[in-house]
Amino acid sequence: MSPGSGASTPEYFRAPSEWGPSDGKGFETDPGSGHHEHQTYQSVFTAGSARRKELDALLTRYPTKMAALLPALWMVQHERGWVSEEAMAEVAELLEITPAYVKGVVTFYTMYHQHPVAKHFIQVCTTSPCNACGAEDVVDAFLRHTNCQELGQTSPDGKFGVIEVECLGACGFATAIMINEDFIESVTPDRVPEILAGLE
Amino acid sequence: MGYPHKPHARETVLLSQYFGDAEAVTLDGWKKRGGYTALRKALGMAPGDIVTIVKDSGLRGRGGAGFPTGVKWSFMKPGDGKPHYLCCNADESEPGTFKDREIMRWTPHALVEGCAIGAYAIGAETAYIYIRGEFTEPVVRVENAIKEAYAAGILGKNAMGSGKTVNVWVHRGAGAYICGEETALMNSLEGKRGNPRIKPPFPAVSGVFAQPTTINNVETLVAVPHILNNGAEWYKQWMRPDNPKSTGTKLYSVCGNIQKPGNYEVPMGFPFKDFLYELCGGPLPGRRFKAIIPGGISVPIQTVAEAEASLMDYEGFVANGTMLGSGGVIVFDDAQNLVKQIARAARFFAHESCAQCTQCREGTAWSTKILERIVAGDGTSEDLDTLLEIGENMTGKTICVLSDSCATPVSSGIAKFRADFEALIKKKVHFVPAVA
């Protein structure tokens, strides 16, 4: 499914594979741009936009504006693929908090990307339960088959990145992995080529 | 229905009855299975009466601490003029635990109903379900269930035509084990870093948004509709005759080196030996169990003899040197380098420490470094004493128990499997697995 299809319905009602930019275009995946966006910053929550409406609806659920910070950052990440300094400033202004505060929150949580990541961001659980079932071999297989030099690096074609992740909460289905927003259970090294072939 | 296995004849499937049943996910399917009758009943009752029934049932928190649910609810004072909140802790991140995930995937309406009843019982108009960020599929399913419930008038300003307001919302986390700690969860919900808060004040006095708050685990809340429908006495049919302190059924997530990993539901007091060998199929071919962690990685490791002697309830596990915890059963067999797995557990805690308290920030990191050094074959004879001393300094000295949780597998591992550590230190070689 293409990213952003079904953008008229709020994000969480769509399947994770459809969570993506509302304009249907792909993400910026060049890690060279560091923490700042390449071009002039385009607002995520422009007045009247679908994202702005989604955020306004969210604000009614909480007694404080700050409580919408985590969901707002998720919207930024689904729109852009990562959370830039400029986006943090935009969110800060909307929620009436400081950009420095927002950065403090962004850096606390591991799932917000502070720079562009590979198109297919592969996270392999290697915490003890998966580890005891051979998760490290799965990591090696992903590194080998994606041509990523080492953990955390993006493959030369920009398509793949592999990291180890702490417990994904699917321990009975070891090894559990996540590719972007999608879970795959019971992954073994033999399954890795087939999984990668299924990614565009 | 069982998931991923058919239920064993000795299981008691109450909460897991519809795991794997795709129809139960939808509102219509859920109503056909008796859904929302308990909420309708609850909304016609006085909140205090609901609390009394839950108290009488003996239901205790299924997230790990085992605090009596009805007692926790009774801390919420009605008519104090403040907004009350219910938080559902769905930040299931304890390694070895994946029961709440299946509850949310297969029976999201059961959770919505449990949250609605819980909110009404404690005088709250809003319940937040805090789901860990990695659980994308449960987020979708619970959100969809909530959407269906609002559309059907089950939630909202006039819940089921009762004139009462019940709101339930999902709040998605963003990758932090510590947000499963109740005060960290509240901070995260408020849009803050997930640093635990000092208690007191306890959540019932000053919780989320500084208002009286109750936090319950997913499994706890899902049990409530059954109790309301069938009564407190009915729920107490599942307990050991000699131990009325643990009642009802409990879901266990089983993982690691075992024939049939997955979720199992058994009554309180079930023999752990039968559970491991009959229900879960025992060790892998040619292997033997080496060590068992019955309640998520934060509880003490058991030897096989301790595990086989345990009865599966809060007191039964304590009597055999460990705790029920979250019910995440992790099994390691004799092909595993146990020291390496303990080192990996320590690394998990080092990664997940919020770094607020010195004992935890430094202790988790140093324990990991020393353990990984031992695994690499560079351990020294003083290392084990150093680890135990670090563990002692990490226990009972911090704002939350993450620090204690890191020390537990390390200290209990050294206490019960010291020979494994010493062998690695003496030989100065990598681990060689036992021959099958």
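Here 39 residues of chain A are in contact with 50 residues of chain B, contact being C-beta atoms, placed from the backbone, that lie within 7 Å. Keep in mind that this is a predicted model: local features need pLDDT of at least 70, side-chain atom pairs count only at pLDDT 80 or more, and totals for chains, interfaces and linings use all residues. Residues are numbered from 1 along each chain as its sequence is written, while chains are lettered from A and ligands numbered from 1 in the order in which they are written.

- On chain A's side, α2 (69-80), α4 (99-108), α5 (128-131) and β4 (182-184) each give two or more residues; helices (H or I, at least four residues) and strands (E, at least two) are DSSP runs, numbered from the N terminus.
- The largest share, four residues, comes from α2(A).

**Chain A domains**
- Chain A splits into domain 1 (11-108) and domain 2 (120-197), with bounds from an automatic or database domain assignment.
- The centres of domain 1 and domain 2 of chain A, taken over C-alpha atoms, are 27 Å apart.

**Chain B**
- Chain B has 18 helices and 11 strands.
- The C-alpha trace of chain B spans about 70 × 45 × 40 Å along its principal axes.

**Confidence**
- The model scores ipTM 0.93 and pTM 0.94.
- Chain B has a mean pLDDT of 95, with 97% of its residues at 70 or more; pLDDT is the predictor's confidence in each residue, from 0 to 100.

Key. Two residues are in contact if their C-beta atoms, placed from the backbone, lie within 7 Å.
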